[in-house]
Amino acid sequence: MGEVAAKMKVMPETIETDLNELKEKLRAAVPAGVEVYGEIVEEPVAFGLKALIVTIIVGDQEGGTEAVEEAFANVPGAENVQILELGRL
Amino acid sequence: MAAEKPHLNLAVIGHIDHGKSTLVGRLMYEAGAVPAHVIEKYKAEAKEKGKESFAFAWVMDSLKEERERGITIDIAHKRFDTAKYYFTVVDCPGHRDFVKNMITGASQADAAILVVAAPDGVMAQTREHIFLSRTLGINQLIVAVNKMDAANYSEERYKEVVAQVSELLKMIGFKPKDIPFIPTSAFEGDNITKASENTPWYKGPVIMQALDDLKMPEKPDTLPLRIPVEDAYTISGIGTVPVGRVETGVMKKGDKVIFMPSGVEGEVKSIEMHHEEIPQAVPGDNIGWNVRGIGKSDVRRGDVCGLVSNPPTVADEFVGQIVVLQHPSAITAGYTPVFHAHTSQTACQLISLDKKLDPKSGQVKEENPTFIKAGDAAIVTIKPTKPMVMEPVKEIPQLGRFAIRDMGMTIAAGMCMSVKQK
């Protein structure tokens, strides 16, 4: 079974949310079997608001990106999680 | 920097182990999209060992090794250039649970290469992926009859596979005569950049030529404005700022906009992208926009922004064509799973099963079936449990697709055929 890379966008709850703290919490929340690839990158959106871009690697198997989306969405300070790009490695 | 070539998103689809990844690797390699340092490393090693024939496999291994060591930066994004276009390639995952991402994700494919291994012919996933690509609105297709090396480059076998695949495509609404069927070996490199000596009987285009022959899809900026809201923020000194990606249409500063289903209206005061103010936003732009006259609690994720003069459609009911990907038992009228469409997640009830379609042919197999199950395609009538925006796929394709989820699984994928407005 192959692996799938997914680029995810995590939006903070408010513009005041501490992004460094959020990055650490996201890393700590990664479920078993999922790998965060490289750095979590801050991407400017608008009016001072920034999104976090996280690249993850998951198995090409049942559940897909569900577990990691759910885990990230439950992290305090994360407002919503979206998959931007995805493909087999 | 030279002017960018026009861009196309390319999906590579097909049954598992039919050579999708090898084909993607081969395209990257032939198009010169493999990093220079990997090629340099290869040349050095090949010289040392005195053999050059293993080039392709070696390069693929090196890229995998780089990735494992964390050197390759952007692994989710593969791109290569042909003479005419630059392509972003999505090597589609095999498991059905990723279908949701393909539907609600940002990068809608403009064209697809369907890979069918010559020794096997049409397999279960070949069929499923052809159906899905239609649902996903992919109208341009190239078929690679792959692994020709494992079929002795037999013209006879090629013709058999072409006939099989054509039959399937015709039933789903593709026109096989407009689609190139190219005999390839992604591993050996046959008919990728130049006509292969192994297939002297084949006179059609090679893969790279077929890619250049693709047409640019119609630009979505001529469609009505639709921006699904990802979220809304309160920013001090500015006001309420919804954020999202423009799917269709153009939004300019000063436009009167409306958010549906909330129904709140306001005037666009300013638009920013990457923290810079822009006078107008076009499809593909990830923006935040400040609207005079609305509060943060007036707008939420799942709302869709459009012009007051042409507001997003709120569906009381809609008719959808769906493909059931997996379900442990049978689906009957009354079933109420969660529909994922644009940024909304809304529980919707299947109020009637109208027609069951033959997945092999696309023809109506049964009127008003009592149940449908995995593998079936059907026309169903759907009623959202609370107001949601849905557009017919023929009018605004970007807002007319959905994935159906239940029990942590992607049950089905579908598209909206018509809407009964609220």
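Visitor: Which ring does the charged end of B:K356 sit over?

Guide: Remember that we're looking at a predicted model. The charged end of B:K356 sits over the ring of B:F371, at 5.8 Å from its centre. Chain B has another case: B:R79 lies over the face of B:Y86, 3.8 Å from the ring centre.

Visitor: What about rings next to rings? How many aromatic pairs turn up over all chains?

Guide: A search of the whole structure gives 8. To read one, check the angle: planes over 60 degrees apart count as edge-to-face, under 30 as stacked. B:Y85 and B:F87 are edge-to-face, with 5.9 Å centre to centre and 75° between the planes. B:Y85 has 3% relative accessibility, so it counts as buried; B:F87, at 0%, counts as buried too.

Visitor: And why is the pair B:F259 and B:W289 stacked?

Guide: Because their planes are at 15°, with the ring centres 6.2 Å apart. This pair links distant parts of the chain, 30 residues apart: B:F259 is in strand β10 and B:W289 in strand β14. Both B:F259 and B:W289 are buried.

Visitor: Now the nonpolar core. Which residues touch the most other members of the largest one?

Guide: B:I113 and B:L211, out of 93 residues. Helix α6 of chain B, residues 155-172, gives the most to this core, with 7 residues. Leaving out residues up to four places away in sequence, B:L211 touches several others, including B:I113, B:L10, B:F80, B:Y85 and B:F87. Of these, B:F80, B:Y85 and B:F87 form one aromatic cluster.

Definitions and conventions:
Residues numbered from 1 in each chain as written. Chains lettered and ligands numbered in written order. Predicted model: local features only at pLDDT ≥ 70, side-chain atom pairs only at ≥ 80, totals over all residues. Heavy atoms only, no water. Core = buried A, V, L, I, M, F, W, Y, C linked by side-chain atoms within 4.5 Å. Buried < 20%, exposed > 50% of the residue type's maximum accessible area, 1.4 Å probe, protein only. Helix = DSSP H or I, 4+ residues; strand = E, 2+ residues; numbered from the N terminus. Contact = heavy atoms within 4.5 Å. Phe/Tyr/Trp six-rings, centres within 6.5 Å; stacked < 30°, edge-to-face > 60°. Lys NZ or Arg CZ within 6 Å of the ring centre and 35° of its normal.
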